[in-house]
Amino acid sequence: MSSQENSEENLPTKQDSAHGAVAVADNPFADPGLPPHEARQQDLDDRTAKRSERTVALLFTVSMLATIGFIACFVIFPIEKIVYIWPIGKVSALNFSLGLTLAVALFCIGAGAVHWARTLMSDVEIADDRHPISAEPEVKAKVLNDFKQGAEDSVLGRRKLIRNTMFGALAMVPLSGIVLLRDLGPLPEDKLRHTLWGKGKALVNMNTGEPLRPEDIAVGSLTFAKPEGLEEHDHGFMNEIAKAALMIVRLQPEDIKDKRELDWSHEGIVAFSKICTHVGCPISLYEQQTHHALCPCHQSTFDLSDGARVIFGPAGHALPQLHIGVNDEGYLEALGDFDEPVGPAFWERG
Amino acid sequence: MSNTTTAPADEQRGKAPAGERVADWADGRLGIYSLAKANLRKVFPDHWSFMLGEICLYSFIIIILTGVYLTLFFHPSMNEVEYHGVYAPMQGVLMSEAYASTLDISFEVRGGLLIRQIHHWAALIFLAGMFVHMMRVFFTGAFRKPREINWLFGFLLFVLGMFTGFTGYSLPDDLLSGTGVRFTQGAILSVPIVGTYISMFLFGGEFPGTDFVARFYSIHILLLPGIMLGLVVAHLILVFYHKHTQFPGPGRTEKNVVGMPLMPVYMAKAGGFFFLVFGVIAAVAAIATINPIWTIGPYRPDMVGTGAQPDWYMGFAEGLVRVMPGWEINLWGHTLVLGVFIPLVVFGLVLGAMAVYPFIESWITGDKREHHLLDRPRNAPTRTALGVAWITMYMITLVGGGNDLWATHFHLSINAITWFVRIGFFAGPVIAFIVTKRICLGLQRRDAEKVLHGRESGIIKRLPHGEFIEVHEPLSQEQLHTLTQHEQYKPVEIGPTVDENGVERKVKGGEKLRAKLSQAYFGEGTQIPKPTAEEYKEIQEGHGHH
Ligand code: HEM
Ligand code: FES
């Protein structure tokens, strides 16, 4: 083997009996060669072979019946029929019957083929030679020579000007493809910095669609809100709600530890972005004793009585707070947009 | 056939059976006889672990078949529609067309639900199969020359499979998968400098936008499967070309391949196995519901369910993100979101380590020879220990990916699990490495023992002076050969530092590193010297076998 020439000293010598060389006569570990073939019952006894044949044919027949069953189930069961199957529970009759008949039809073909191969086809092991993957030196020499000839014929080596401009052209032409990708999306600019919130926007209950009054916010419960004017049917609702979703809780003002949080609250009512600052899941759980809000995705926990700072989990910074007050009609309103980007952090966030 | 050239062709054609005539026709255009010459009776060695790759191939085929069916009914659109289909609980709910059409596939297309389930189950099995198949190749050293490139093809298939699966389960646009997409977008945002740009370009603007389902769709059904199909074909061509590896045993050498011929045995077994795999997946799909999107609801970026979990193959990334402390560095008006970006990088590095391993090992051994006989894992203790260490790291992180589930099911605190995973991520692999290596050496010692003193027969003999001993039966030559045929490398030394003229040579850093690693792989205490024929004979002649 040509590829074996460069083996180094640290390598074991491959010439021991294991690797194809002739066995040394008195080596007890020498390769005795392929063991003799052991006949199966089917090879010796025609009755056993016949039985195997019948098993295979039976499996193939069951498969045919199962396919007929599949078609029958398709026709018979209405798609909305639900049945109770122990121990799985309530399932769609159609899905269940189609699945099982298909499974049987397929499985029996497989089982039949494998049984046939194992019991009736010859199981005499045969050996094939391997040949080294690398080419013989003469082949290699010829190829290199051909290549050299080809390269010379192309005059690429001598005509530097052709070569350089060609490489230049080939290197530049893919740029068009990259430029074409430009309109995949807009530039980020300051899109991630603004939400629909702004001075005078009323806080609207997410569930009822009604503007919220301070009295509506009970101690201990988490209320979700959206900016007034944003409706589910609106074009762009998803993008806006992904940033503007708000959660509101009522605390005792004396429980609020953070000075700014207190300033931005109204009678102990505080409003924070609902979007987790980790990777953006909506926060959905609140524990009233501890004032902790929990993100169900990776369990980041925020202390809503202390500026919503992170007290556990992978989130990297506090939830942004919305400065709120009450308007002339007694409804809760925002006194501005969030003063920092909501949601996950990013390079330009600063 | 030597006279065909002279005899008029027509005369021959009349007599040949129809099958042969068709084959002749094809041969005249495609040269199929020459192709079949080497391949029809091609030998395939048999071992249960060689079926793992087949499972991957078959589940891939099943995925393509069922996937094409799904495209006939699925609408990759994020247009908002009000649902008025047959599924009562969702009446009037606003949802994307993608979600609505997935409901229709599940409730209005007869058999649609079954195909969806088969597609999803096959995807899970496809990835699990690739993972285990990769482990088989790793632990038996089947990645060694000449198969390194095929290892890379396989590795790429695994990685692309992960992304194909991810884009696939994002298509229905349900609350669970949408949460996963949001996670991905948040992770993309963490990439320094270009994160926001990538996010805007991928989603056609801000998250979620109205484009990603359509874009994921073309990635999911065209781009990635196309590449994967090419890789699968290349992978198989190389398997054919290199011929399959085989486990050592009597009559099996580096220069031959022992097994059953492609036609008929392997065809029947492999072909049959396809139907077995398909049948099992169909049964699973009938019995076990996966991804019941109708109970989850359509995606809304301001809503979430609890216990949000990705498919298993993404659990590793999920775990890394969950247990990482939330580090964020703000400098000069910029934010470095290490808490998310580091997991992203580690994810790539851990996977990448697998990709480059064959090249590292061959550099350390300096072995340029072809290897077609597989290693028994115990005979390559350092490699085996490294592999187990890698799996340990992967599995511990996977546990971290489900930290909330562990916590609720076993009443543990999330904090405790998080710390377990953090410490385990570093300590687990080290412990696994040490333990595995010991086990390998123990097994090697036992092999040596068996070779020299025979196998315990379970028969107790009483010696004249009253002592009881167990009779040891000598091994057959087949067994002796199998247990002693493996090679044992010696560590590489740094060559002489002074050349023949007495001039000092500078030893390069790479050379030093290689010698160190080689020492760690093959030096003191890393392998039990295998018994020599002399030792064996001495014992056999000396005190016979007791
Ligand atoms: C190659 C590996 C592939 C993997 C791992 C994969 C995986 C998945 C998964 C996990 C889903 C979610 C199914 C659900 O629970 O609803 C999915 C959906 C889908 N896949 Fe694939 N898939 C692959 C290839 C393909 C191909 C080749 C096609 C089509 C030619 C396809 C077409 C679809 C369609 C149309 C859907 C959405 C329909 C639905 O979710 O019900 N997939 N895929
Ligand atoms: S998104 Fe909230 S903890 Fe990860």
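The model is predicted, so local features need pLDDT of at least 70 and side-chain atom pairs count only at pLDDT 80 or more, while totals for chains, interfaces and linings use all residues. Residues are numbered from 1 along each chain as its sequence is written, chains are lettered from A and ligands numbered from 1 in the order in which they are written, and side-chain values use heavy atoms, with hydrogens and water left out.

The size of an interface is often given as the accessible area lost when the parts come together. Here chain B and chain A bury about 9,900 Å² between them, and carbon and sulfur atoms give 64% of that area; buried area is the accessible area (1.4 Å probe) that two parts lose on being put together, summed over both. Chain B brings 128 residues to the contact and chain A brings 102 residues, where contact means heavy atoms within 4.5 Å.

Three salt bridges cross this interface, a salt bridge being a side-chain nitrogen of Lys or Arg within 4 Å of a carboxyl oxygen of Asp or Glu. One of them joins Glu232(A) to Arg300(B), with the closest N and O atoms 2.7 Å apart. On the side of chain B that touches chain A, helix α11 (residues 262-287) of chain B gives the largest share, 16 residues. Helices (H or I, at least four residues) and strands (E, at least two) are DSSP runs, numbered from the N terminus.

Three strands form an open, antiparallel sheet in the order β3(A)-β4(B)-β1(B), and β3 of chain A and β1 (43-44) of chain B are its edge strands. Two strands pair if DSSP finds at least two bridges between them. Between β3 (residues 126-129) of chain A and β4 (residues 256-261) of chain B there are four bridges, and Asp129(A) stands opposite Asn256(B).

Ligand 1 has 23 residues around it, of which Arg116(B), His119(B), His120(B), His220(B) and Asn291(B) come nearest; a residue is near a molecule or strand if one of its heavy atoms lies within 4 Å of it. The side chain of Arg116(B) has an N or O atom 3.0 Å from an oxygen atom of the ligand. For Asn291(B), the corresponding distance to an oxygen atom of ligand 1 is 2.8 Å. His119(B) places a polar side-chain atom 2.8 Å from a nitrogen atom of ligand 1. With six residues, α4(B) gives the most to the shell.

The backbone has some exceptions. Most residues other than glycine have a negative phi, and most peptide bonds are trans. The bond from Trp86(A) to Pro87(A) is cis, with omega near -5°, and Pro87(A) is in the loop between β1 (82-85) and β2 (89-92) of chain A. The bond from Phe207(B) to Pro208(B) is cis, with omega near -5°. Ile193(B), not a glycine, has a positive phi of about 65° and is in the loop between α8 (175-189) and α9 of chain B.

Technical notes:
Polar contact = N/O pair within 3.5 Å; in protein donor to acceptor, adjacent residues only side chain to side chain.
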